[in-house]
Number of protein chains: 2
Amino acid sequence: MALIVQKYGGTSVGTLERIQAVADRVIRTQQAGHQVVVVVSAMSGETNRLLGMANELDENASEREKDVLVSTGEQVTIALLSIALQQKGCNAVSMTGDQVRMHTDDAHGKARITDIDDKNLRHELDQGKVVVVAGFQGRSPDNHITTLGRGGSDTTAVAIAAAVKADECQIYTDVDGVYTTDPRVEPKARRLKSITFEEMLEMASLGAKVLQIRAVEFAGKYNVPLRVLSSFDEGEGTLISYEEQKMESPVISGIAFNRDEASLTILGVPDKPSVAASILAPIGDANIDVDMIIQNSMGDGTADFTFTVHRNDYKRAKLLLQETAQKLEAREVQGREDLAKISIVGVGMMNHPGVAKTMFETFGDEGINMQLISTSEIKVSVVVDEKYLELGVRALHSAFGLEQS
Amino acid sequence: MALIVQKYGGTSVGTLERIQAVADRVIRTQQAGHQVVVVVSAMSGETNRLLGMANELDENASEREKDVLVSTGEQVTIALLSIALQQKGCNAVSMTGDQVRMHTDDAHGKARITDIDDKNLRHELDQGKVVVVAGFQGRSPDNHITTLGRGGSDTTAVAIAAAVKADECQIYTDVDGVYTTDPRVEPKARRLKSITFEEMLEMASLGAKVLQIRAVEFAGKYNVPLRVLSSFDEGEGTLISYEEQKMESPVISGIAFNRDEASLTILGVPDKPSVAASILAPIGDANIDVDMIIQNSMGDGTADFTFTVHRNDYKRAKLLLQETAQKLEAREVQGREDLAKISIVGVGMMNHPGVAKTMFETFGDEGINMQLISTSEIKVSVVVDEKYLELGVRALHSAFGLEQS
């Protein structure tokens, strides 16, 4: 008997019929002799419907109250799935984030899980029940309702899998696995049978959109085998684990991209070591994630400093940067919102120098101008004008031969 | 400075525009120098939408999971109203049933409040905040989500008013007060300026539908002055209190009615004292409320026993009664679902014998057959065929001169 955590996203529970199909799949898993914890998202469209009402009242609605609002979406799903399971004769019980004692910090809208007290969960499992848990939500130290941010249900599932030491955490979604790139951009994209945590981290963070980055981090940290599967088809999906790199591994595993990039540049700041901290501290304090960072010394005692943020954070970040610019007596603040990031990812590239060169040559051949470049051991990222995104992805997919198994 | 608890029902918060209007009214109350706690229902239609989904999955869905489901309705409203208040510059904070520590028993779907720990509430009030509380919901001793049943938000409001010793509990609804009867049935119905708790109890329990009976019980028990007002118009509404009966009080204050009556009769049970308990115990155990009870001795050692229940409980009650009939070797179980109850209510009738006679004469003149009769000190109730309801109410309204102030 294994203990399986299954997570079903918004599309998988988007209608009552789909909820019944999820119930069938859960029951099949239980009947195969396993204990099952199910983590669910809000029915697709529900979170947007709720946030739409909040925005209509106030475009700057408080994050605390938005958490109170949107957390109802998952609560609806846990009740409906439990009812569907019970109707099919399965002993199921629902648990909200606070009932499962999902403790988080107090960063409303993007809270981090600090601890799970699995006592309540185990109590229900020990009674032979399928436990249906609301993803995405928790409670802060002061007992305020928090949410983990969009896609946080994946993180909930992995965190629960880690807490109860599950044998596998299965993420059911509307795609049947992790692909070499987004098939909507490159129809020749191919499903990967397996991928390492490190590769998946780079893929997820860069916009593969199959799994939340924090979910993969959690899974890697606690060594929870993670599997991405389709909730609509049968199939083994893609397994994400610490599996040894196989000899026949390709140089790169996939091409990730992100449409929603924005860059900010502050020109003519004092060229001294503390300046990066002065610029980035207010951004971090405002809970804005910074991705690429480039500092460029001008040789005249000043420097230009560029970083990228998610497009949703662009306006807030720009205001903060303008305040900083005044304090530092900088020359100017510039920014661009129409950017995209394309990355090649693969643990194989560690043993194959020159992949960056192939990437740059490919872009050069296609006439794609590179705005920013950033490299790590297993990925190379390039920021380009958003209009070049599809062209760039397809050209790289072909250049690295990803369409072949 | 007074402490006011305001409660807004589903219609009053049925759209974002109405939520903004509620925010305006709350702010006016605060600007008049008062502390305000606001209790809200789900947006109108939302509870039915949610229950509709549950019923589609399973007509006998578990009460526990239905509570998890429908309690989201009020949670949505508290968030939206708090956002609307904050957008208008008011320092507001939302609280769910568990955050306000609304303790109930574990009768899912019709839980009773056992205790409110007002510490969290007071903490927010002391900081000058308007506190927006989710009505209708609480937590059982085992930390399950419970609901107080339909209309339970009134009870929440009064219970909170009692717990924080509020100066007045204002129930805002879509009518501008308590009427002598339902104006949809008798257009000559007139708004009452005041009414006693006892009268209101009889009016509410018998279907006046303005206030939940438990809310009035609570208010009477803790002597919380209760005011029913319209959330759409200005006006003083109807005050419900222990006010001394005035000399000019009419004999009866109003005519209440209930369309959804059903009666059940068990024929030929042993005519002994314990039989009523044998019959009603399973009904009570199933949490079905019994209203009128009549036992009729046949003189041959057997008796006929009749009681009324809400029409929604009719089928369940009938099944239970059939089981009891087998055990007691009773002759037969009969039932009727197409009944209505009409009641005249008034503390004035205590000093005016003969009001029942006027009622029966009126029904006789109109050819309305009375199925069951029940009397108390301040009311007389008659069960009739549902088709006679409107006719009966109008005839009584006229016979007792209620159209005159």
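The model is predicted, so local features need pLDDT of at least 70 and side-chain atom pairs pLDDT 80 or more, while totals for chains, interfaces and linings use all residues. Residues are numbered from 1 along each chain as written, chains are lettered from A and ligands numbered from 1 in the order written, and side-chain values use heavy atoms, without hydrogens and water.

First, the sheet. Chain A has an open sheet of six strands in the order β14-β15-β13-β16-β18-β17, with antiparallel pairing. Strands are DSSP runs of E of at least two residues, helices runs of H or I of at least four, both numbered from the N terminus; two strands pair if DSSP finds at least two bridges between them. β14 (290-297) and β17 (370-375) of chain A each have a single partner strand, so one side of each lacks a neighbour in the sheet. Within the sheet, seven bridges join β16 (332-345) to β18 (379-385) of chain A, and A:Val345 stands opposite A:Lys379 in β18(A).

Now the interface. In contact, meaning heavy atoms within 4.5 Å, are 41 residues of chain B and 41 residues of chain A. The two chains bury about 3,300 Å² between them, 61% of it on carbon and sulfur atoms; buried area is the accessible area (1.4 Å probe) lost on being put together, summed over both parts. B:Leu57, B:Glu65 and B:Ile83 supply 21% of the area that chain B buries against chain A.

The count of salt bridges between the chains is two, each a side-chain nitrogen of Lys or Arg within 4 Å of a carboxyl oxygen of Asp or Glu. A:Asp98 forms one with B:Arg139, the closest N and O atoms being 3.1 Å apart.
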